[in-house]
Every structure is written in C-alpha cells, then in structure tokens.
Amino acid sequence: MAIQQEKVVQDLKERFVEKIKEVSAHFGDDTVVIERDSLLDIIKFLKAEPYDFAMLLDLTCVDYMGQPDRFEMVYHLFSLSKNLRLRIKTRLPGKDPSVESLTPVWKNANWLEREAYDMFGVRFNGHPYLKRLFMYDGFEGHPLRKNYPLRRRQPIIRMRKQDDI
Amino acid sequence: MLLNMGPSHPAMHGTTRIMLELDGEKILNAELEMGYLHRGFEKTCEHKTYFNLLPYTDRLNYVSPLINNCGYVMTLEKMLGIDVPERAQYIRVLMCELSRICDHLTALAAMTMECGAFTVFLYNMKAREFIWDVMEQTTGARMTTSYIRIGGVRADLHPSWKETTHTAIDETRKVLKDVSGLLNKNKIFIDRTRDVAVVSPEMAINYGWTGPCLRSTGVSYDVRKAHPYLVYDKLNFEIPLGERGDNFDRYMVRMKEMEQSLRIVEQCIESMPESSSPTQLMAEGIEPADAIKESRSKRTEKRIKLSPNLEGSEKERYKGIMTDSKGQIIPPKEDTYTSIEGLISHFKFFMKDHGIRPPQGEVYFSVEGASGELGFYIISNGTDKPYRLHLRAPCFHIVSALEEILRGHYVADVIPTFGSMNMIGGELDR
C-alpha cells in the first residue's frame with residue numbers, strides 16, 4: 001500500500017484548504033508553503049498514519065532580507081515506512097520572527113531550533129530551553145542574518161571601556 | 001556535584017564540553033555545550049562561488065572528506081541537471097566506500113582506545129594507512145582531498161590503483177579479523193558496552209538518527225538503498241542491523257559495515273569501466289612554452305607536458321571522468337594554453353558573476369555519510385554564489401540525544417557512549 005508523493009500533497013490541500021499558500025516541486029522535491037499559525041496542526045496530521053512522517057530530517061531558516069516576510073522556516077520531513085520526503089515552509093515577519101516550537105513532536109527539534117535561534121534570532125514558542133547553541137552567551141547579533149557582516153569580529157570578553165577603569 | 005568534562009578532555013574527540021550533575025558516580029543530568037569548533041561554514045559558503053567552496057566541505061567530516069565532496073557535488077548536479085560518466089560514478093563509489101571504512105576504523109579506534117584497548121587503536125590506524133595510500137596515490141592528498149568535482153572527478157585513477165587497493169583490502173580484512181578476535185568476546189569490553197546506553201528504535205527515529213547508529217537499533221534505513229544514487233543500485237551489499245541499540249551493537253554494526261564496504265570496493269574494481277585514455281602517466285609531451293609559441297601561428301593538437309599539479313586533468317583523460325556539458329567544468333588546460341576560445345572559456349569559468357550559475361530554486365539532496373544521512377540544502381538565486389547553504393550533519397542529531405541517554409548512567413559510561421556515537425567536531429559545529 002504505497003502512498004504516492006502526489007497523494008500526500010493532494011490530501012494536504014484538501015484537508016487544509018485555506019492554510020496552504022503554495023505547492024511546488026523544485027527539482028523534484030515536493031514543497032508545501034503553509035500559514036504560520038497552522039504549522040503544528042499540519043505537522044501532527046502528517047506525522048500520524050497513514051503518512052507516517054516519523055522523522056524530522058532537517059530544520060533550518062532562511063533570511064530573505066528586504067522582503068515583507070523576512071524569515072522562512074524550512075522543515076524537511078521523512079517517512080521511513082513509506083520512503084517519502086516532504087518539505088514544509090512557512091514565512092515569518094521580520095518584526096516578530098516567532099513560530100510554534102516542534103519540540104513536543106520531535107526531540108531533535110530542540111537543538112535544531114536552538115541553532116536557528118542562535119543563527120537567525122527566530123523565537124520558538126513553547127521551547128523548553130531556548131539558549132544559543134554554537135555562539136556564547138554574550139554574543140551580539142545573529143551571524144547568519146544577511147545584515148551581519150562576514151568579517152565582523154567580536155571579542156569573547158567585552159572590551160573594557162575607558163570609564164570602567 | 002557538578003563535573004565538567006571537556007572542552008579539552010582527551011575523550012571529547014573534537015572539542016565539546018559535557019557538564020554532568022552527579023550523585024556519587026551516577027549522572028542525574030547532563031548538558032552539552034558545543035560550538036568550540038564553529039567556523040561559520042554556512043556563512044562562509046554564502047560568500048564563495050559554487051566552485052570555490054568545495055574545499056570547505058573537506059573540513060566538515062574530516063575523516064571522510066570524499067563523502068562530503070560527493071554530497072555537495074551531487075546536490076549541485078541535481079540542480080544543474082548534469083550527467084556524470086559511468087567511470088566517474090564508479091570512481092566516486094570506490095572513494096566513498098574507502099572513506100567510509102576509514103571513518104569507521106577511526107571511530108572504533110577512538111572508542112576502544114578510550115576503553116583501554118590501545119592495541120585496537122594501533123591496528124586500526126595501520127589499516128587506515130593502507131587505505132589512505134590508495135587515496136593519496138589518486139587524489140594527491142590524504143585528508144583534505146577536494147577530489148570529487150562538479151561534473152565528475154578531478155583526475156583519473158592512478159595506473160597502479162588496482163594493486164594498492166587490493167593490498168588495502170587484504171590488510172583491512174586482516175585487521176578486522178584481529179580486532180574481532182580481540183574485542184568480540186572480550187569480557188572487559190563487553191561489560192563496558194553491552195546494555196549500556198540502550199536506545200530504542202522509536203527514540204532513535206524521534207531524534208532523527210540515521211546511519212550506523214540508527215541501524216544498531218534494528219531500523220533498516222540506508223540512503224544507498226532507500227534513494228539509490230550513483231551506481232549503488234548495481235552493486236550487491238547488505239545493510240547490517242543491530243538488535244538492542246546499545247554501545248556494543250553500534251560497534252558491531254560498524255564492524256559489519258566495513259565488511260560490506262570492502263565487498264563494494266571489490267565489485268568496483270571488477271566492474272570499473274575501462275579508462276578511455278592510455279594507462280601510463282601522461283608526463284610526456286611538448287613543453288607548455290613551446291606549445292604556446294606554436295599556437296601563435298597555427299592550431300596545435302600536440303600533447304602538452306602539464307605540470308605535475310595538473311597530472312590527470314589532461315584533455316584526453318577528461319572524456320571518461322568528466323561530464324561534457326560546457327561551462328560547468330574547468331576547460332582542459334591544453335585548450336586554455338593554446339587557443340583563444342579555450343582561454344575565454346577558462347576566464348568565463350573563473351570570472352566573478354560567471355562560472356557555475358544554477359537556475360533559481362532550492363534543492364535538498366543527501367548521501368549516506370559515514371555516520372548517517374549527510375544532506376545539503378542549497379538555495380540558488382541564479383547568481384554564482386549560493387543564497388543559502390545548509391548542511392544536515394548526521395552527528396548533530398545523534399549527539400543531541402546524548403543528554404537524555406546519559407541520564408541514569410555512571411561517569412565511566414560517558415566515554416564508550418560518546419565514542420560509539422562518532423562525534424565529529426567539524427561536522428557538528430560547522
């Protein structure tokens with residue numbers, strides 16, 4: 001009872017008519033763009049039978065600086081039993097880059113979201129421990145944002161100002 | 001009691017710090033701190049051209065650089081729609097499998113050495129030397145190879161590759177036999193690894209585990225079988241599985257996988273398509289200066305003696321190992337030296353805003369890395385630099401489970417557990 005890739009997308013479209021903004025297939029990878037508020041519902045729908053997307057392959061963020069919805073969250077799901085891959089994307093506004101956390105659904109979302117928070121400053125509602133992952137605590141800014149200069153250097157310990165001495 | 005393990009602890013492979021909350025020797029809580037090896041790989045890639053960023057991928061999983069090269073290059077080929085000649089595909093498979101053996105040997109060497117089996121470490125390193133000889137002969141480097149290029153491979157195999165590969169296979173087999181003899185029924189080793197850090201299949205899937213660690217729990221998933229790439233669908237090999245998902249199974253799956261990889265290497269030797277070019281090293285020919293002089297008056301077709309650095313990338317050899325789609329590969333050096341069209345296409349390849357420019361869009365492609373599914377997610381905006389490049393590092397997901405696994409175990413269990421996960425700093429911290 002193999003489920004075809006098209007059927008998953010078709011079912012998604014029927015089930016969440018208003019929440020699906022766009023469906024595309026770049027280079028053969030099926031992509032579904034959804035509304036931000038329906039993320040958890042759609043993920044849970046896909047994780048359950050019969051689609052069984054049991055694995056969160058990857059989670060990342062893209063910064064489209066200059067566009068109205070600046071950040072884009074990208075989720076790669078994988079169904080072990082059906083051998084299907086699916087990409088879910090959702091846009092976040094630059095002023096309030098926050099989205100529901102997937103930690104209740106997948107455990108590896110914990111670190112992946114911490115990485116996205118570290119690198120892009122996206123906040124995840126409901127995340128149990130949103131702390132920087134690669135950078136240290138006193139680090140200023142989010143390095144993978146497009147407006148963070150490539151060669152900007154930061155001292156690990158804050159430079160002492162003249163007045164402090 | 002709070003105990004810091006790392007960042008400069010000999011058992012923390014790269015540089016990772018584990019903060020342990022202890023009650024006696026029992027671990028109540030663990031927290032990992034990483035990023036000590038963070039080099040900004042993704043940020044750097046956004047500022048490099050597609051061709052230029054290849055050497056950076058060597059430094060991700062530095063024990064098996066060829067698989068990283070292969071993963072990146074194949075992602076791009078999926079975008080560009082390039083077909084690779086069959087010989088190049090076989091060479092890639094050969095190199096990937098040799099790297100996989102290297103990676104497993106290193107992972108087990110480190111894991112067992114930290115448990116006190118120093119002999120195993122030395123044996124494994126010996127076998128790795130023989131495999132690295134094969135790689136060095138062909139790629140010119142032992143670790144940072146940058147050998148697999150967009151559209152094919154950098155150079156053809158060395159004329160005597162078959163002999164060295166056979167030696168490497170024989171030596172590795174011997175070592176594997178010795179190591180199995182030393183460890184498989186070793187009371188000390190079994191006591192430290194059997195039923196320690198047991199991971200259930202559900203938990204492994206929930207954490208996004210892939211590779212040998214997932215298969216040790218009994219879940220059969222291998223990218224080479226599930227989404228076959230290159231010529232893996234033509235080769236015979238099995239996917240070894242574990243039963244309990246403990247440290248010992250993770251050791252055992254790696255040992256068996258090396259056997260399978262050796263099988264693949266042997267099949268590659270047998271079914272490798274013949275090279276289209278003569279088998280001897282192509283050092284002879286006229287001097288480049290003479291060729292340039294001659295090309296001023298007429299078009300020269302003579303063979304040029306290229307510098308040893310360019311050995312193997314002669315026009316004659318390109319046929320079997322490089323794609324023929326123009327603009328995606330470095331033009332042959334003979335053309336660049338002797339004809340104006342060749343020189344222009346050389347400039348066009350390396351000039352800013354020219355060179356490799358994939359169509360707009362985004363792509364995800366993954367290969368089976370040594371420790372799991374190694375995926376690249378590339379977004380192109382039509383220029384010669386990636387808009388965004390994201391790496392799905394296999395050991396990121398595996399190590400993220402460590403905090404939960406360690407809870408309830410003893411301090412001494414940290415070492416084999418951490419070792420069996422094969423944490424690679426370069427890939428984890430990027």
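This is a predicted model: local features need pLDDT of at least 70, side-chain atom pairs count only at pLDDT 80 or more; totals for chains, interfaces and linings use all residues.
Q: How many residues of chain B are in contact with chain A?
A: 49 residues of chain B, and they touch 45 residues of chain A.

Q: What area do the two chains bury between them?
A: About 4,000 Å², with 58% of it on carbon and sulfur atoms.

Q: Which residues in chain B lose the most area to chain A?
A: That's B:K43, B:E362 and B:Y387, which together give 17% of what the chain B side buries.

Q: OK, electrostatics. How many salt bridges does the rule find across the interface?
A: It finds 7 between chain B and chain A. One of them pairs B:E373 with A:R85, where the closest N and O atoms are 3.2 Å apart.

Q: Which element gives the largest share of the chain B side?
A: Strand β6 of chain B, residues 361-368, with 5 residues. By class, the chain B side has 21 nonpolar, 14 polar and 14 charged residues.

Q: Is B:L230 buried or exposed?
A: Buried, because its relative accessible area is 15%, under the 20% cut-off.

Q: What about the phi of B:N422?
A: Positive too, about 55 degrees, and B:N422 isn't a glycine. B:N422 sits in the loop between α18 (411-420) and α19 (425-429) of chain B, and is buried at 3% relative accessible area.

Notes. Residues are numbered from 1 along each chain as its sequence is written. Chains are lettered from A and ligands numbered from 1 in the order in which they are written. Side-chain values use heavy atoms; hydrogens and water are left out. Contact means heavy atoms within 4.5 Å. Buried area is the accessible area (1.4 Å probe) that two parts lose on being put together, summed over both. A salt bridge is a side-chain nitrogen of Lys or Arg within 4 Å of a carboxyl oxygen of Asp or Glu. Helices (H or I, at least four residues) and strands (E, at least two) are DSSP runs, numbered from the N terminus. Ala, Val, Leu, Ile, Met, Phe, Trp, Tyr, Cys and Pro count as nonpolar, Asp, Glu, Lys and Arg as charged, and the others, Gly among them, as polar. Buried means under 20% relative accessible area, exposed over 50%, partly exposed in between (1.4 Å probe, protein chains only).
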